[in-house]
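Trainee: Could we go through this model together? I would like to discuss its side-chain pairings.

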Amino acid sequence: MSIQYILEIIGTFAFAISGALSVKDQKHQDWFGASFTAFLCSIGGGTMRDVLLDSYPLVWISDITILYAIIAGILTTFIFYKYLIGLRRTLFLFDTFGIALFTIVGTEKALHLGVRPEIAAIMGVFTAIMGGVVRDMMNNEIPIIYRKEVYATACLAGAVSYLVLDRAGAERNVAFIAASLVIIAIRILAVRYEWSVPRFFR
């Protein structure tokens with residue numbers, strides 16, 4: 001298996017945990033609600049990307065390992081819930097790790113399907129953020145892309161970094177990991193120093 005595929009599975013697992021943990025403050029915290037939110041959080045972005053790029057069958061339908069990764073994330077959350085919920089910024093960390101991996105996975109897949117680099121970057125951002133948007137909507141919260149914190153912008157920076165490294169001839173795995181780290185670093189620094197994207201309306 002390629003490192004890209006391994007990281008995609010890890011990203012799916014991380015997003016499943018993020019989705020399952022997100023229902024902790026909801027009135028109804030049953031198995032179905034947590035599992036359904038985890039599932040949508042994990043596959044929402046990739047599904048939108050594949051539909052827009054006319055890529056069928058959808059990735060989670062053609063690869064059963066994706067489903068197993070989601071189930072593993074749900075079970076991990078259930079078993080280690082008290083430990084995970086006690087960790088500071090656990091949801092943030094899993095979400096950040098997930099968007100970093102999914103951004104680059106989405107960008108790379110779009111490139112392989114023959115679209116222009118600009119479109120590939122957009123597809124990478126869609127892959128990363130739409131799962132979180134669906135998760136927030138399921139929990140009746142304002143989607144994270146409409147909040148003050150840096151989110152989609154970090155994904156776009158990572159996608160552009162990957163495209164630049166790829167065009168420069170960097171080895172695939174090096175470009176993949178380096179671009180993912182760009183996203184993670186921006187997200188962590190943005191939260192640490194309260195960075196935000198400039199307001200559109202002043």
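The conversation below turns to charged pairs, aromatic pairs and a domain annotation.

Mentor: Please keep in mind that this is a predicted model.

Trainee: Understood. Where is Lys109 found?

Mentor: Lys109 belongs to helix H6, which covers residues 90–112.

Trainee: And which residues does Lys109 touch, leaving out those up to four places away in sequence?

Mentor: Its contacts of that kind are Arg49, Asp50, Ser55 and Val59.

Trainee: Take Asp50, then. How far apart are Lys109 and Asp50, in sequence and in space?

Mentor: They are separated by 59 residues in sequence, while their C-alpha atoms are 9.2 Å apart. The side chains of Lys109 and Asp50 are joined by a polar contact of 3.0 Å. The two residues also form a salt bridge, with 3.0 Å between the closest N and O atoms. That pair links distant parts of the chain, since Asp50 lies in helix H2 and Lys109 in helix H6.

Trainee: How many salt bridges does the structure hold?

Mentor: There are nine salt bridges. One of them is between Arg135 and Asp136, whose closest N and O atoms are 3.2 Å apart. Arg135 is buried, because its relative accessibility is 5%. Asp136 has a relative accessible area of 2% and is therefore buried. Salt bridges with shared partners connect Asp95, Arg135, Asp136, Glu141, Arg147 and Arg187 in one network.

Trainee: Changing topic: how many aromatic pairs does the structure hold?

Mentor: It holds six aromatic pairs. Among them is Phe15 with Phe102, an edge-to-face pair with 5.0 Å from centre to centre and 80° between the planes. This pair links distant parts of the chain, with Phe15 in helix H1 (residues 3–21) and Phe102 in helix H6, 87 residues apart.

Trainee: Are Phe15 and Phe102 buried or exposed?

Mentor: Both are buried. Another pair is Trp31 with Phe78: the ring centres are 4.6 Å apart and the planes are at 50°, so the pair is tilted. Here too distant parts of the chain are linked, as Trp31 is in helix H2 (residues 31–52) and Phe78 in helix H4 (residues 64–79), 47 residues apart.

Trainee: What is the relative accessible area of Trp31, and what is that of Phe78?

Mentor: Trp31 has 45%, so Trp31 is partly exposed. Phe78 has 52% and is therefore exposed; the cut-off for exposed is over 50%.

Trainee: Where does the charged end of Arg192 sit?

Mentor: It sits over the ring of Tyr193, at 5.0 Å from the ring centre.

Trainee: Lastly, which residues does the UniProt domain annotation cover?

Mentor: The unreviewed UniProt entry carries the annotation "domain: Glycine transporter" for residues 6–81 and 93–166. In the model, the span 93–166 is 77% helix and 0% strand, and its end C-alpha atoms lie 27 Å apart.

Key:
Residues are numbered from 1 along each chain as its sequence is written. This is a predicted model: local features need pLDDT of at least 70, side-chain atom pairs count only at pLDDT 80 or more; totals for chains, interfaces and linings use all residues. Side-chain values use heavy atoms; hydrogens and water are left out. Helices (H or I, at least four residues) and strands (E, at least two) are DSSP runs, numbered from the N terminus. Contact means heavy atoms within 4.5 Å. A polar contact is a pair of N or O atoms within 3.5 Å; within protein, one must be able to donate a hydrogen and the other to accept it, and residues adjacent in sequence count only if both atoms are side-chain atoms. UniProt positions are given in the numbering used here, feature names are shortened, and annotations may be inferred rather than shown by experiment. Rings of Phe, Tyr and Trp (its six-membered ring) pair if their centres lie within 6.5 Å; planes under 30 degrees apart count as stacked, over 60 as edge-to-face and the rest as tilted. Buried means under 20% relative accessible area, exposed over 50%, partly exposed in between (1.4 Å probe, protein chains only). A charge sits over a ring if NZ of Lys or CZ of Arg is within 6 Å of the ring centre and within 35 degrees of the ring normal. A salt bridge is a side-chain nitrogen of Lys or Arg within 4 Å of a carboxyl oxygen of Asp or Glu.
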